[in-house]
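Colleague: I would like to learn how to read a model like this one, feature by feature. Where shall we begin?

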Amino acid sequence: MATGREAAVDALTACRRLEAWSDGSLKAACRGLDRREAALAARLTYGVLQNRALLDFYLGKYCSQSPDKLEPFIRDVLRLGAYQILYMDRIPDSAAVDESVELVKRRRRQRAAGMVNAVLRRVSREKASLPAIPEDDPAAYLSLRYSHPKWLAERLLELLGRAEAEEYLRLDNESVPTTIQRNSLRCTAAQLTEGLEASGAKLTPHPWMPECWQLSGGGDLEAMPAFQDGWFQVQDAAAKAAALAAGAKSGDRVLDVCAAPGGKSFAAAMEMGDVGEVVACDIHPHKLALIEKGARRLGLACVIPELADGRQKREAWLERFDVVICDVPCSGLGIIRKKPDIRYKAPDVLAGLPGVQRAILDNACRYVRPGGALLYATCTVLPEENAEITDGFLASHRDFRKEPFALPGMTEENDGSLSLWPQRHGTDGFYICKMRKL
């Protein structure tokens, strides 16, 4: 029978070979596992991805060759073993070592068993006096200490300074509570609390976003009756803040240009009381199916999935919508704490994103009726994907201007644009800019 450790190494293998996302790889690897082993697989997979560079730094001190010279499977097993020894107090070091050796043997790598045993036993013996990380170069230190690419550490140092940059990187490697939004069309706050607690979950009100709670425990969210009955959706407070900033009202026509998987469309529809029209677009048919499924679960009849490319003009949509939401494709650097493998994206791939973002915004603005609102949002923290895009847009589109917006529970004022940060607001890293067509 498969174990959580085997599922973790399979997920890491899929991430490496297929360039697959860790959440999908993990879900596939955990099929058939009981709840306890699946939880172990998730902790190990995400733990290794979050600390990969640092684990390799330590392993490199105890291996006769550099970790990047090892067979990838053996390197992953060593990372998994070292992670258990260094970060998981509830697993005895002896179990971490023995299970790693057995995993190597079960995968027919018997010749490597002795090396794996020796290296991990040395990590165990010396974990109280691990090699020091060089601190002469702040960016290199932060990059290694928190296992982020050096270029990103350098950018964060420029944007935030040393203390905040380190806190941002540290939080990327911490566990994140699941945040949910109540579907006010389906249940009361009391019903939601009682329903989730009956499933073994614990709810804590979000520190500043009304109608949101942080959820822990309870096992598989999607198996809970409250989820299946559409009483809530999983949504970070930053994403809900973007939907609220858009200001959709009952009876409005709303266009969500890049909607999948539909969270902001659903939040807007709830604010509208399911009265009006929310056209939720994506370029992939299978993602439209996800939007349709989500809207059906939540009981939102006003959400209309539509196959569309945000860069291509639709004559029928010109000046038709009261609110247009552009939650554009971005680097995702604001959600590394939830998707740790984002940190390993090649920077040259990210370099082309601003061009796509500008093209979507330039096209979608034509769909806003006079007096209507245009909302630009990303889940990244880089100015070249955020303020530089909206500032450039406003400079070339004189019929739009920024419009300040208020968020419930937040006292921080804005001029129409707002950056949310994990270390400041306890949310995903997010950028929101609201503009009004004159």
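**A helix and its packing**

Modeller: We begin with helix H17 (residues 353-364), whose 12 residues reach 16 Å from the first C-alpha to the last, close to the 16 Å expected at 1.5 Å a residue. The expected span is 1.5 Å times one less than the number of residues. Helices (H or I, at least four residues) and strands (E, at least two) are DSSP runs, numbered from the N terminus. This is a predicted model, in which local features need pLDDT of at least 70 and side-chain atom pairs count only at pLDDT 80 or more, while totals for chains, interfaces and linings use all residues. Residues are numbered from 1 along each chain as its sequence is written, and side-chain values use heavy atoms, with hydrogens and water left out.

Colleague: Which residues of H17 are buried, and what do they pack against?

Modeller: An α-helix has 3.6 residues a turn, so residues three or four places apart point the same way. Buried means under 20% relative accessible area, exposed over 50%, and partly exposed in between (1.4 Å probe, protein chains only). In H17 the buried residues are Leu353, Pro354, Gln357, Ile360, Leu361, Asn363 and Ala364. Their packing partners are strands E8 (321-327), E9 (368-378) and E12 (430-437), together with helices H16 (347-350) and H18 (387-396). Contact here means heavy atoms within 4.5 Å.

Colleague: In what order do the 4 strands of the open sheet lie?

Modeller: Strands of a sheet pair through backbone hydrogen bonds, either parallel or antiparallel. Two strands are taken to pair if DSSP finds at least two bridges between them. Here the order is E2-E3-E1-E4, with antiparallel pairing. Strand E2 (201-205) and strand E4 (232-234) are the edges, each pairing on one side only. The twist averages 35 degrees from one strand to the next.

Colleague: What surrounds E1 in that sheet?

Modeller: Strand E1 (residues 178-182) pairs with E4 over 3 bridges in the antiparallel sense, and Arg182 stands opposite Phe232 in E4. E1 and E3 also run antiparallel, joined by 4 bridges, with Thr179 opposite Gln214 in E3. Because 4 of its 5 residues are buried, E1 is largely enclosed by the rest of the structure.

Colleague: Which helices lie across these strands?

Modeller: Helix H11 (residues 189-198) lies across E1, E2, strand E3 (212-217) and E4, at about 145 degrees to E2. Helix H14 (residues 263-271) lies across E1 and E4, at about 150 degrees to E4. Axes are lines fitted to C-alpha atoms, for helices over the stretch in contact, and angles run from 0 to 180 degrees between N-to-C directions.

**Cores, cysteines and backbone**

Colleague: How many residues are in the largest nonpolar core?

Modeller: A nonpolar core is a set of buried Ala, Val, Leu, Ile, Met, Phe, Trp, Tyr and Cys residues joined through side-chain atoms within 4.5 Å. The largest has 64 residues, and Phe266, Leu300 and Phe430 are among those with the most contacts inside it. Helix H13 (residues 237-246) gives the largest share of this core, 8 residues. A second, separate core of 33 residues includes Val48 and Ile74.

Colleague: How many disulfides are there?

Modeller: A disulfide is a covalent bond between the sulfur atoms of two cysteines. With a cut-off of sulfur atoms within 2.5 Å, the count is 0. For Cys187, the nearest cysteine sulfur is that of Cys212, 12 Å away. Cys187 is buried at 4% relative accessible area.
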